[in-house]
Amino acid sequence: MAFPAMMLLGAFLLLNSVSAWAEPSADEGLHVFKSANCVGCHKWSGEGGGGYGGAAANLRRTALSLDQIEHTIRCGRPATGMPHFDPDAYSDGRCYGLKKAQMSAATMPPEPDHYLRPADIDAVAKYVVSHIKGKGPPTFAQCQAFFGDGTRACDVYEKTSDSSGAQAGASAGSAHQHLKIESAPDANAGK
Amino acid sequence: MSRKMYAAAAIVALLVGSHGGWAADDVTANQLLKADSDPGNWLTHHKDYSAHRFSSLSQITKDNVKNLHVAWTLQLGGVEGGGIWSHGGLEGTPIVENGYMYVTDGWGSVYKIDTHHGEGKLLWKMDPKTDHDWAGAVACCGVDNRGVALIGDLVLSHSLDGRLIATNKDTGQIAWQRQVADPDKGEVVTAAPLVVKNMVITGVSGAEYGIRGWIAATDLTTHKEVWRTYTIPAKGEPGANTWKDNHDAMANGGGSTWVTGSYDPSSNTLFWGVGNPGPDWDSQYRPGDNLYTDSTLALDVDTGKIKWHYQHTPNDDFDYDSVAENVLVDAPVHGQPMHLDLEADRNGFAYAVNRDNGQFVWGLPFVKKVTWTKGLDPETGRPAEYDPKLDVQKYNAAVTPSREHPVTMICPGNMGGKNWPPTAYNPQDKIWYIPVIESCNRITVKPEDPSKPIKKREFFTGGGPTQPERITGSVTAIDVTTGKEVGKHETPYPMLGGLLATPDMVFYGQPDGKVAALDAKSLKELWSFNTGAGVNAPPMTFTSDGKQYIAILVGQGGAWDKWFIDGTPELKRIQPGSMLYVFSLN
């Protein structure tokens, strides 16, 4: 039994050494958050929430530490839709001491569209801690930092954000075309 | 406007063609009325206003279909992701006029293809620059666009971010556009437009995001909206008393209209299906029958006034929407001539109603397994357990999801039954073919809190589905004159693309890439070809230089691979794609 434990330790040291080798920038983490389609369930804001196919965790309110977040990204979460982004997560017991043969179809976390390199996992975990965890309700400024100003995806936050965000919205709003809806009156109103 | 600008605008108007002066190859309203007797062309979304998707072309027959092979293919775009979606897909029906084909990709780019001389040549591509993140974040069920409409010298299309766009047929330049739907409210548009008279009709998606659904008509001359019919009544309007809560659930009552409707010129009536109520699975949030959700609407096409409605699943607990196309058929039922409106519902039942007054004629289950009700009332077509005295319907209480019974298996699953993929009707044999999802799935109710305001651009579903059981499919045939099932061809995967009927065959595609032809009578397979990618769109047929072709868009999109893939685990290996396949004999 000592051998798997050593392998686990080895993997742990390897991951740690990679992450210690060069600090990822927030831009790298943001890039991974988008490209790995974290947005698909957790949304740009990390709020996740009730979804058509089940609820994703609210990362803004998460109590997990950096290490725990990184572990969750590598291993996924059994019996939920959270994928394991380490391709070998269930090959040797490194995740929750479990191997693929011990897992049922119902408990095995799904495979992601694309696996991530250890450095990417490190970067995106740090991004979640620095930009999402504990940040309260999402703001217009945060939304624009995520998407840029080439989209109307943030318009919905313009009126609800703090005043500085609203001002930014007013100026950014003119940067893209706003077609107005001129709808006809309700056809079935009145007699 | 200065005089110089005015002159420039007048020149532009002349160049793009005014509505009064169409050229010889322009599509006219009269041509659209007669689209059913124009076999070489496919001029409107469902082939004709009656939504038959039947072609009388007969070069390709059950005797020679074994020789059908790929004539040419064309790679399209639009596979990129946006919002919550990792990729786009293809759900459109190609439109063909005089050998020129118009198709769309999921993000709403329009492609004009010259099909003459036995090959496909791209003439132009109109990219509407759809706002991917704005729209893709509130598209419940994929990056989808189901195609274009033709009128005059214009190609009309929608974009996911809520625009109606008119493109010059010859140049590929946008002639005009208007915003019809508002993604800030969770509204997006996936349906193909429908041109009737001098109007173009738009349906909306978004019942999973707390919209109040509508159908809107835009005037082709003024480009202004002529009427807008809300599918959820406002306070004081007929039907408002079917929302019995005290927290204004109507304001976010759902009722989207994301499948193109049909039109009966003899009665000047537009027929359009209405989607599920919101929140989907928390029916106790919205006591009452929740009109006009899960209904067929008959509208005066000039005013948008509702003539009649027929509701299939009052106070829906299941997400059994009724957006499906309404198929208009004149046929005898038990010997008596009838004007019928056929609809194959998500709830697993096929319905025929009298389209002059909305009275029920016949109904039957078209899926192998129904558990939510024991059947339809033979007089009214209502689910047998429906109780008008109850505010919250329980149907078969053992399986109906509720706050007290929050985790249940339902059959059919919430995708249906039958989803948006269109049926086809053979008017010679009076047989109606339904593309079926044979399924059950598990619903978990997560009640919505009426004391909290609804968050814009967030899911408002009151729960969600999971897929613990395998899901398959079938092509199921119904004799319209009797309302009886006359055949079922089972398929290993659900029908996610829809059907085409020819005099002696039915064509379909499967999400594992297979395109196939069945004998119209025996439903035995006569021919198949695997495209190597997921088929998520209906086949169609046309002639070019006098030769018959079958065309189909191939590229997995829609909701399946995000929300339902566990019911078809083998399909996880299907890669996104975007390709037009065209088949011919020799």
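Between domain 1 of chain A and domain 2 of chain A, three residue pairs are in polar contact, with both residues at pLDDT 80 or more. A polar contact is a pair of N or O atoms within 3.5 Å; within protein, one must be able to donate a hydrogen and the other to accept it, and residues adjacent in sequence count only if both atoms are side-chain atoms. Helix α2 (residues 26–35) of chain A gives the largest share of the domain 1 side that touches domain 2, with three residues. That side of domain 1 of chain A divides into five nonpolar, no polar and three charged residues. Here Ala, Val, Leu, Ile, Met, Phe, Trp, Tyr, Cys and Pro count as nonpolar, Asp, Glu, Lys and Arg as charged, and the others, Gly among them, as polar.

The model is predicted: local features need pLDDT of at least 70, side-chain atom pairs count only at pLDDT 80 or more, and totals for chains, interfaces and linings use all residues. Residues are numbered from 1 along each chain as its sequence is written, chains are lettered from A and ligands numbered from 1 in the order in which they are written, and side-chain values use heavy atoms, with hydrogens and water left out.

Domain 1 of chain A spans 2–136 and domain 2 spans 139–175. These bounds come from an automatic or database domain assignment. Eight residues of domain 1 are in contact with seven residues of domain 2, where contact means heavy atoms within 4.5 Å. The two domains of chain A bury about 620 Å² between them, 64% of it on carbon and sulfur atoms. Buried area is the accessible area (1.4 Å probe) that two parts lose on being put together, summed over both. Zero salt bridges are counted between the two domains of chain A. A salt bridge is a side-chain nitrogen of Lys or Arg within 4 Å of a carboxyl oxygen of Asp or Glu.

The secondary structure of chain A comes to eight helices and zero strands. Helices (H or I, at least four residues) and strands (E, at least two) are DSSP runs, numbered from the N terminus. Of the 191 residues of chain A, 43% count as buried. Buried means under 20% relative accessible area, exposed over 50%, and partly exposed in between (1.4 Å probe, protein chains only). In helix α4 (residues 66–75) of chain A, the buried residues are Ile69(A), Glu70(A), Thr72(A), Ile73(A), Arg74(A) and Cys75(A).

The interface between the chains was examined next. Contact here takes 49 residues from chain B and 31 residues from chain A. Chain B and chain A bury about 3,000 Å² between them, 51% of it on carbon and sulfur atoms. Three salt bridges are found across this interface. In one salt bridge, Lys43(A) pairs with Glu458(B), with the closest N and O atoms 3.3 Å apart. Between chain B and chain A, 13 residue pairs are in polar contact, both residues at pLDDT 80 or more. Elements of chain B that each supply at least two residues to the side touching chain A include α3 (132–136), β9 (174–179) and β13 (225–230). β13(B) gives the most to that side, with six residues. By class, the side of chain B that touches chain A has 16 nonpolar, eleven polar and 22 charged residues.

Asp391(B) lies in the loop between β21 (360–365) and β22 (407–410) of chain B. Asp391(B) is partly exposed, with a relative accessible area of 36%.
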